[in-house]
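Walk me through this protein, step by step.

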Amino acid sequence: MAAAPQAEAVAPEAKSIGSDDYSLSRVPRDKRFGFWSMLLQWLAQSGSISQFTLGATIGVGMTFGDAFLAFTLGAVILEIVIFAIGLAGMREGLATPMLTRWVGFGRNGSALVSFVIAVSLVGWFGVQNTIFGDSVSALVGGPSWMWCVIAGIAITALVIFGFKYMANFAKVVTPLFFAMVAWSVITTLNDHSFSDLIHSPPPGDTIPLAVAATAIAGGYMTGAIVSPEMTRYNRKGSHVFLQSASSMILSEYIVGLTGVLLGHLVKSNEVSHIVLSTSGAFGVIVVLMSTAKINDWNLYGSSLGVVNFFQVVFGKRVHRGAVTIALGIAGTLLSAVGIMTHFTEFLTILGVAIPPIGGIIVAEYWVVKKMRKPLDETRESETLPSSSPTWVPMSLAIWIAAFCVGKFYDGGIPALNSLATAFLLYCVLGLLGWVRPYGTSTLDDEGHDDDSAPAARTTTSVGAA
């Protein structure tokens, strides 16, 4: 049904804390980062104690050779998804919530995408903050809630000021973390036969290859779908591939497989103490910093989703820095009181709901290409199209169908099942002409930079196109 035209004058944006980081516009070419700065950002995502724990968990139930196959399968799946979606983000200079306005979902559909992504990412921010607080409390003492608050405040303070400061932080944290971990692991393994560990049988119950690959690929699939949040700051497509591939190699083959060896050594997935106990107070500080460097992307991606959601649903442009503060406080408080751990099952369900978004983006942007033409026409000028589709009902139907496949089909990898289903359905129905946008919405803000005031806002919805 046609909606009545609306016009709303917008007052100049008030001075806000932090950086808006082009949350509703393209990242200009001259504001993007060089290869080495972006590489450190990618590698920082590999620096996680939890990845060692994942490797150890798999090592307890698999031989080293089988674990190698599982990590290879997981890495290949993730790299394909990251590159296909990340390259689109780099070309357009847009984060996933904004990209979906012209790639598969339309303006109102992008609000749904933004909401799901924002809830999922801020939820995992809280869950990981809880895990960190519990781990540090068990190792060095002090109440868990105190460590949750310290970590939450540190991460929120970092994310408020945006990508530039996150990149600078990565330059410090990434080398420190891997140097500390290398020293701890080498010290631990030095007194044991490397060959014996590789050829030793799994000390626990056998884990099937599909289950291990699910844990590896499915666990980071949401991060792959929101990779444009990072790649929009890349200058070249080749950089996206080289940096993401380097991150996969480090994360899966070096960190993950080292975790497998540690699992065989201690015959348990409780290996985080190896890194922390051999590093003392310095190790705790570095792990705190590395946790901030990884979890900052959960908070950062969530803030971008909320900004897009508020503009579409409420017609209000909110500053990303202010949103970050609100989300950071909420996630920190919920983690400190221990509530977030009860939402893990719900967040796992969202982990199956998000991959279809990536399948639809890849199908529309690289195969069907029925909606992306306005992006092609405005890419060189670094502006946004003057309008976008309002709704794409078939995309929402495909999203629901793909989610059901991922959730209720028992075979394969759930996250991959839902992603592949969405991709195939959209390709077939899109090429047949069954995926059609309905209505047109004019752009609320003309892609202005962070320091300029928003333009007057006019939104017009019309009937079916």
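**A walk through the model**

Glutamate 382 sits in the loop between helix 18 (373-378) and strand 2 (387-391). The model you are looking at is a predicted one. Look at the backbone of glutamate 382: its phi is near 60 degrees, a positive value in a residue other than glycine.

Now go to tyrosine 22. This residue lies in the loop between strand 1 (6-8) and helix 1 (35-44). Tyrosine 22 also has a positive phi, about 50 degrees, although it is not a glycine. Its surroundings are another matter. Tyrosine 22 has a relative accessible area of 12%, so it counts as buried, the cut-off being under 20%.

Next, find lysine 236. Its place is the loop between helix 11 (228-231) and helix 12 (237-266). With a relative accessible area of 48%, lysine 236 is partly exposed. Then look for arginine 32. Along the sequence, lysine 236 and arginine 32 are 204 residues apart. In space, their C-alpha atoms are 9.9 Å apart.

Turn to helix 15, which covers residues 320-336. An α-helix has 3.6 residues a turn, so residues three or four places apart point the same way. Just after helix 15 comes glycine 338, with a positive phi of about 80 degrees.

Helix 15 has a partner, helix 6 (residues 144-160). The two helices pack at an angle of about 170 degrees, and their axes are 9 Å apart. Angles over 145 degrees count as roughly antiparallel, so helix 6 and helix 15 are roughly antiparallel to each other. Which residues make the contact? From helix 6 they include Trp145, Cys148, Gly152 and Ile160. From helix 15 they include Arg320, Thr324, Gly328 and Ala336. By type, the residues of this contact divide into 8 nonpolar, 7 polar and 1 charged.

Key
Residues are numbered from 1 along each chain as its sequence is written. This is a predicted model: local features need pLDDT of at least 70, side-chain atom pairs count only at pLDDT 80 or more; totals for chains, interfaces and linings use all residues. Side-chain values use heavy atoms; hydrogens and water are left out. Helices (H or I, at least four residues) and strands (E, at least two) are DSSP runs, numbered from the N terminus. The expected span of a helix is 1.5 Å times one less than its number of residues. Axes are lines fitted to C-alpha atoms, for helices over the stretch in contact, and angles run from 0 to 180 degrees between N-to-C directions. Angles under 35 degrees count as roughly parallel, over 145 as roughly antiparallel, 65 to 115 as roughly perpendicular and the rest as oblique. Contact means heavy atoms within 4.5 Å. Ala, Val, Leu, Ile, Met, Phe, Trp, Tyr, Cys and Pro count as nonpolar, Asp, Glu, Lys and Arg as charged, and the others, Gly among them, as polar. Buried means under 20% relative accessible area, exposed over 50%, partly exposed in between (1.4 Å probe, protein chains only).
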